[in-house]
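Please look at the sequence and the three-dimensional structure shown below. The paragraphs that follow lead from one residue to the overall form and then to further details.

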Amino acid sequence: QVQLVESGGGLVQAGGSLRLSCAASGRTFSTYARAWFRQAPGKEREFVAVISWSGGGTDSTDSVKGRFTSSRDNAKNTVYLQMNSLKPEDTAIYYCAAAPVSSRYPTQYDYWGQGTQVTVSS
């Protein structure tokens, strides 16, 4: 059974940091792009960041540039999202996903985790 499991979410004050992890099991995703999306209450799921299979290419939405960093460890089948200088507007459920190629569109992703809550207090 293929699973993506996120961890590392929680409650943090504005300006703080969190590091999300997404561990995969059931198959290897070493040749897959791995992405992060988020969904706040009452809003659509939005793209946050993506990292290519090699880790050599990354992309992120403008609102997190300079604050969030994607990385991956293919030996561990795990990707990470380092989130610094967090803002209340970053509050959402964060989901990781996997797809054969990098994309900003959630419909392009075949595999999804169950999500982890990130809450940033002001």
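Predicted model: local features only at pLDDT ≥ 70, side-chain atom pairs only at ≥ 80, totals over all residues.

**A guided reading of the structure**

Gly-15 has a relative accessible area of 53% and is therefore exposed. Residues are numbered from 1 along each chain as its sequence is written, and side-chain values use heavy atoms, with hydrogens and water left out.

Gly-15 is located in the loop between strand S2 (10-13) and S3. Strands (E, at least two residues) and helices (H or I, at least four) are DSSP runs, numbered from the N terminus. Which residues does Gly-15 contact, leaving aside its neighbours within four places in sequence? They are Ser-85 and Leu-86, where contact means heavy atoms within 4.5 Å. Gly-15 and Leu-86 are 71 residues apart along the chain, yet their C-alpha atoms are separated by 4.9 Å.

Ser-85, one of these two partners of Gly-15, belongs to the loop between S8 and S9. Its relative accessible area is 40%, so Ser-85 is partly exposed. The phi of Ser-85 is near 50°, which is a positive value in a residue other than glycine. Most residues other than glycine have a negative phi.

The view may now widen to the whole protein. There are 11 strands and zero helices, and from the N terminus on the elements run β-β-β-β-β-β-β-β-β-β-β. Along the principal axes, the C-alpha atoms fill a box of roughly 40 × 25 × 25 Å. A compact globule with 122 residues would have a radius of gyration near 14 Å, and the value for the protein, 13 Å, agrees with this. The radius is taken over C-alpha atoms, and the globule rule is 2.2 Å times the number of residues to the power 0.38.

Of the 122 residues, 43% count as buried. Among the contacts with a separation of 6 or more, 58% are accounted for by residues 24 or more positions apart. The accessible surface comes to about 6200 Å², and carbon and sulfur atoms hold 48% of that surface; such areas come from the Shrake-Rupley method with a 1.4 Å probe, and for residues only the protein chains shown count as cover.

A covalent link also joins parts of the chain. A disulfide is a covalent bond between the sulfur atoms of two cysteines; here the term is applied to a pair of cysteine sulfur atoms within 2.5 Å. How many disulfides does this rule give? The count comes to one, formed by Cys-22 and Cys-96, with their sulfur atoms 2.0 Å apart. The pair links distant parts of the chain, since Cys-22 is in strand S3 (residues 18-25) and Cys-96 is in strand S9 (residues 92-99), 74 residues apart. The torsion about the S-S bond of Cys-22 and Cys-96 is about 50°, so the disulfide is right-handed. Cys-22 counts as buried because its relative accessibility is 0%, and Cys-96 is buried because its relative accessibility is 0%.

Cys-22 is also among the residues that Asn-77 touches, not counting residues up to four places away in sequence; the others are Ala-23, Ala-24, Arg-27, Thr-28, Phe-29, Ser-30 and Arg-34. Asn-77 lies in the loop between strand S7 (68-73) and strand S8 (78-83). Is Asn-77 buried or exposed? Its relative accessibility is 12%, so Asn-77 counts as buried. Asn-77 has a positive phi of about 55° although it is not a glycine. Asn-77 and Phe-29 are 48 residues apart in sequence, and 6.3 Å separates them in space, C-alpha to C-alpha.

Phe-47 is placed in strand S5 (residues 46-51), and Ser-60 is placed in strand S6 (residues 58-60). Phe-47 is buried because its relative accessible area is 8%; Ser-60 is buried because its relative accessible area is 11%. Leaving aside neighbours within four places in sequence, Ser-60 is in contact with Phe-47, Val-48, Ala-49, Lys-65 and Arg-104.

Conventions:
Buried < 20%, exposed > 50% of the residue type's maximum accessible area, 1.4 Å probe, protein only.
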